[in-house]
Amino acid sequence: MNWVPDACTLPTAERPFRVAEFEALFASARSISRPDRQTLEVVLTAPRSEVVDLTTRESECCSFFTFDLIDLDDGVRLRIGVRPAYAAVLDGLS
């Protein structure tokens, strides 16, 4: 996980667990795309509450992320954005 920037305040010992949570969430993805280098879009079948819980906790330790959720008829679209300096983080997530 050398792609985790110093700006992340999540304790190092907890990072593998957080990555595993994102991997589990993304396992419910119907699609994953990178519209541009600074954006990752994931259409999920996971419950909205689960997505909100994880992205809220991630926002607390990694202020470089922006998370936008769009409700769909059969799931949610999660749009994850970062500033240019943090684009490698999206590479690590996707």
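# Briefing: fold, burial and aromatic pairs of a predicted chain

The secondary structure of the chain comprises three helices and four strands. The model is a predicted one. Read from the N terminus, the elements follow the order α-β-β-α-β-β-α. The radius of gyration is 13 Å, close to the 12 Å that the globule rule gives for 94 residues, so the chain is as compact as a globular protein of that length.

**Overall dimensions and surface**

- Along the principal axes, the C-alpha atoms of the chain fill a box of roughly 40 × 25 × 20 Å.
- Of the 94 residues in the chain, 40% are buried.
- Among the contacts in the chain with a separation of 6 or more, 54% come from residues 24 or more positions apart.
- The accessible surface of the chain amounts to about 5,200 Å², and carbon and sulfur atoms contribute 51% of that surface.

- Phenylalanine 22 and phenylalanine 26 are both buried.

**Aromatic pairs: the stacked pair and its cluster**

- Phenylalanine 64 and tyrosine 86 form a stacked pair, with 4.6 Å centre to centre and 10 degrees between the planes.
- This pair links distant parts of the chain, its members being 22 residues apart: phenylalanine 64 lies in the loop between α2 (48-61) and β3 (65-72), and tyrosine 86 lies in the loop between β4 (75-82) and α3 (87-93).
- Phenylalanine 64 has a relative accessible area of 3%, which is under the 20% cut-off, and therefore counts as buried.
- Tyrosine 86, with a relative accessible area of 18%, is also under the 20% cut-off and so counts as buried.
- Ring pairs join Phe64 and Tyr86 with Phe65 and Phe67 in a cluster.

**Phenylalanine 67 in strand β3**

- Phenylalanine 67, a member of the cluster, is located in strand β3.
- The relative accessible area of phenylalanine 67 is 15%, and the residue is buried.
- Leaving aside residues up to four places away in sequence, phenylalanine 67 touches Phe22, Thr55, Glu58, Ser59, Leu78, Arg79 and Ile80.

**Valine 82 in strand β4**

- Valine 82 is located in strand β4 and, at 7% relative accessibility, counts as buried.
- Residues up to four places away in sequence aside, valine 82 touches Gln38, Phe64, Phe65, Ala87 and Leu90. Two of these partners, Phe64 and Phe65, are also members of the aromatic cluster.
- Valine 82 and threonine 39 are 43 residues apart in sequence, yet their C-alpha atoms are 6.7 Å apart in space.

Terms used:
Residues numbered from 1 in each chain as written. Predicted model: local features only at pLDDT ≥ 70, side-chain atom pairs only at ≥ 80, totals over all residues. Heavy atoms only, no water. Helix = DSSP H or I, 4+ residues; strand = E, 2+ residues; numbered from the N terminus. Rg over C-alpha atoms; globule rule 2.2 N^0.38 Å. Buried < 20%, exposed > 50% of the residue type's maximum accessible area, 1.4 Å probe, protein only. Contact = heavy atoms within 4.5 Å. Areas by Shrake-Rupley, 256 points an atom, 1.4 Å probe, with all protein chains shown as cover. Phe/Tyr/Trp six-rings, centres within 6.5 Å; stacked < 30°, edge-to-face > 60°.
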